[in-house]
Amino acid sequence: MKNKKVLSLLLILTMSTSTFLLSGCSNSDKNATGDASMSNVELKIHYHGNDKYTLSDKNGKLKPVFEYASEKTGIKINDVANPVGTSSANEFQLQATQGFPADIYGGNSLAPEIIKYGQQGAFVGLNDLIEKDAPNIKKFLDANPTVKKSITAADGKIYYIPYVPDPSNLVSRAYFLRTDWLKKLNLQTPKTVEDLEKVLLAFKNNDPNGNGQKDEIPYFNDKVYETIRLLNLWGARVYGNDSYSERVVLDNNDNMYHAWLSDDFKNALINMNRWYSEGLIDPEFITRKANTARPTLLTKSNQGGMTHEWIASTSSYNDNAELLSAVPDFKFEAIVPPTYNGKSFEEAQRLSVKPDGWAISANCKTPEAAIKWMDYFFSPEGSNLTNFGVEGQTWTMKDGKPAFTDEVLKQTGVNNYLWENQGAQYPIGYPMNYAYESQWTNKIGQEGTKLYTDSNILIKNTTPVMQFNAEEKATYDKVNNTLNTYLDEQVEKMITGQLDINSTWDSYVKQAKVLGADDLVKAYSSAYKRYKSIK
Ligand code: CA
């Protein structure tokens, strides 16, 4: 059965490849003659990200970052993406139907598609080009072997240059607690999960918001999947990496298992169900609209006591004028994860490499120029440009480091400002520099990041970003979404007590296996074995 499936997949791959060969020129037709002629080179770039951004502004003029890069590299840039496209994914698929006629393709979350089409011959394998013509990318990949392994396809080739979060700071989310409420109720910062339960019970029962009503919501999140991650508190792993759909994780012996089917997970569920029935967890955690919990339960109603969220945005509530005028003592500070059986960990962290970036079409006649363009953004000058914008416009050099102007720092949405006005911080292929973000993270946020960094609390065995082969990807596509939908529904019912955990558990695990949980773990295991073998 299995072989038959692989065979039919190969047939599809072969057919698609011939389509591409018919539709475009072959990559061996190389006309570029090196740097001397680079000034005559023009690259057609189809970059479409976040469902709206291209390299140009709405008048069709290149954004400052790309105009500057074009001058510096001597490469003319022709932005061929549709600025009013329906979505970035659709715009990419439309290009696929035309055989990817432009030179460079990019956007966010495109990596799986680029790699799929790349293995069919539509994108250039970049390994040799990086070696010969991209000294900055080569240097970066040599220094960051994890990134290189993560972007290497099952056939050993690299098809895209990725957006890489700054490896010097992977801390993302932290537990935040109302320390003004702790003080008011004369409580200590909790060190263990048992301490924390007592604190949250006091939040629930002792009216820390002082309105005479038992209306406090001790623990809440902006997303239902983040609330489920609370199971971490009792030692259970929940997500493999920074994606809620990744639930196959590594144990301490380097073996893959499905986190949601483990005995640890069951034990944690029993504890979380107790908290839910004690009123410690947001009763609306499943139905509340995503991303509304913090603005509602902090700014609007002063009911929320604790969350687990992104450090920069959560700490910014301490500077929220509307909130402070109503609650002058408001203080929301990070605490280290409390211990359970003497141990604690932080599972959430930034991905080591994102599925964003760009790639060179097999139709590109000047791949040396294309890789030179991409390499520029990994050079010190190009990296500053794409992280901070054009020097003198959005930042100046202070003590050897780029410092944003006051105009940038006063923005409530710095990212949005940089995307709109500069084209900086687009998820093209480049190394993100955490200094861009730390400059507008407030003191409480900086302290939270330092607390998590210094306590060395981030788990080391996240599920790496890895590339599946065709058979593994077919298993993943067949199983993962369907399985996750079933797990979500059952686990939510077990947390809220609609299903009794002890009497449900065995049939829950059995049904997960019927839906292919074991095959999924096998696919992850074989991909991981290959990942580890990449040199
Ligand atoms: Ca109250």
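Accessible areas were computed by the Shrake-Rupley method with a 1.4 Å probe, and for residues only the protein chains shown count as cover. On this basis the chain exposes about 23,900 Å², of which carbon and sulfur atoms supply 51%. The model is predicted, so that local features require a pLDDT of at least 70 and side-chain atom pairs a pLDDT of 80 or more, while totals for chains, interfaces and linings use all residues. Residues are numbered from 1 along each chain as its sequence is written, and side-chain values use heavy atoms, with hydrogens and water left out.

The chain comprises 23 helices and 14 strands, taken as DSSP runs (helices H or I, at least four residues; strands E, at least two) and numbered from the N terminus. For 535 residues, a compact globule would have a radius of gyration near 24 Å, and the 25 Å of the chain agrees with this; the radius is taken over C-alpha atoms, and the globule rule is 2.2 Å times the number of residues to the power 0.38. Of the 535 residues, 53% are buried (buried, under 20% relative accessible area; exposed, over 50%; partly exposed, in between; 1.4 Å probe, protein chains only).

A calcium ion is coordinated at 2.2 to 2.9 Å by Asp207 (OD), Asn209 (OD1), Asn211 (OD1), Gln213 (O), Asp215 (OD), Glu216 (OE) and Glu216 (OE). Donors are N, O and S atoms within 2.8 Å of the metal (3.2 Å for Na, K and Ca); water is not among the atoms, so sites may look incomplete. Along the chain, the donors follow the spacing D-x1-N-x1-N-x1-Q-x1-D-E. Asp207 is partly exposed, at 21% relative accessible area, whereas Glu216 is buried, at 1%.
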